Amino acid sequence: MKYLYPYRNIALPASAVTTMACLTLWQHPTLSVIFYLIWCKVIALIGLLTYIHFFRGAQIIFFMNIGIGRNGFYFSMVCIDLLLFIVSTVVVLFIKQGV
Amino acid sequence: MMNVLEADSIMVDYGVVSFLSDIYLRCDQGEIVGLLGRNGCGKSTLLQIIFGSRIAAQKSIRINGEYLSAGYKNSNIKFLPQDTLIPANITIRDAMRLLSVERKVVAAVFPESVPFLEQTPARFSGGELRFLELVLILCSDAKFCLLDEPFTGLSPVMIERAIALMQHAKKEKGIVVTDHRYRDVTQCSDRLYYLSSGRLRQIDSEEQLVNLGYKV
């Protein structure tokens, strides 16, 4: 569970991007839009991680103190965010197809 | 078994300038080791390398003779950095849980903080937060604690409490402390090291600090 804590840094903006992507996908559920949204999500995530690296980097000492290294810190954020994005888009597509 | 932390063969250089080169630091369980030196001599860098948050060209960090790739792994070493430790978006209660520190321990050592343990660090003043972070590091399950300027922002009475806490904590762990309040460091330390020109040497008396140009 401790790996969820680094994600808190980006939870709000990352969730906002995922929500917007889901809304777009709801309105235009096509393959080209999905590719476009994936790229948008990846670019947004890179931007967020860059921000964390340069402006919130000091907190990594806290996570190291609880056994999460530098790689684990960034990797957990990427994995959790992408997992939430994939689950959200699959759910949207599933519901849309049902409709 | 008494635990022993040793750090040597540390090499850090910035281009052609050798920053740390002649280092041997030893800290036994049951002692407080003071680390003194002028501004910019590499005290914080040395602690960061031992902890594993900074990469060195070469290093050898050992606990009981066993080599560590990074001190923070396996919870052997905890580190209190110069800057704030607890991230702004984590409550004190969560920080305590993540660092395996029980509420009753914090309540016994720092009872003033108890009503605010559900809050984030923003609720505390700089000095209160510093003392609370010190409590969390010293009361964790680590074998060794590295404290980088733990007295910064603390009032004299809080410094006395911090020193008393360190004296109590050293029964179960080794502590390495560096701070520019050298009187407090010399008061609480069982052994003193002085770092200058990349060399770490053990000193036996305060007079040596004068001779070394650390104080007048």
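A salt bridge is a side-chain nitrogen of Lys or Arg within 4 Å of a carboxyl oxygen of Asp or Glu. This is a predicted model, in which local features need pLDDT of at least 70, side-chain atom pairs count only at pLDDT 80 or more, and totals for chains, interfaces and linings use all residues. Side-chain values use heavy atoms, without hydrogens and water, residues are numbered from 1 along each chain, and chains are lettered from A in the order in which they are written.

Q: Why is the pair Asp81(A) and Lys41(A) called a salt bridge?
A: The closest N and O atoms of Asp81(A) and Lys41(A) are 3.0 Å apart. The rule asks for a distance within 4 Å, so the label applies.

Q: What does the pair Asp81(A) and Lys41(A) tie together?
A: Asp81(A) lies in helix 5 (residues 70–98) of chain A and Lys41(A) in helix 3 (residues 31–55), so parts that are 40 residues apart in sequence are tied together. Helices here are DSSP runs of H or I with at least four residues, and strands are runs of E with at least two, numbered from the N terminus.

Q: Why is Lys170(B) called buried, and what makes Asp190(B) partly exposed?
A: Buried means under 20% relative accessible area, exposed over 50%, and partly exposed in between (1.4 Å probe, protein chains only). Lys170(B) has 14% relative accessibility and therefore counts as buried. Asp190(B) has 43%, so the label is partly exposed. The side chains of these two residues meet in a salt bridge, at 3.0 Å from N to O.

Q: What makes Arg62(B) and Asp8(B) a salt bridge?
A: Their closest N and O atoms are 3.1 Å apart, and the limit is 4 Å. The pair links strand 5 (residues 58–63) of chain B, which holds Arg62(B), to strand 1 (residues 4–14), which holds Asp8(B), 54 residues apart. Arg62(B) and Asp8(B) are both buried.

Q: How do you know that a salt bridge joins Arg8(A) and Asp94(B)?
A: The N to O distance is 3.5 Å, to be set against the 4 Å limit. Across the interface of chain B and chain A, the rule finds 1 salt bridge. Arg8(A) and Asp94(B) also belong to a network of salt bridges with Arg93(B), Arg97(B) and Glu118(B).

Q: How many residues does each chain give to the contact?
A: With contact meaning heavy atoms within 4.5 Å, chain B gives 19 residues and chain A gives 14.
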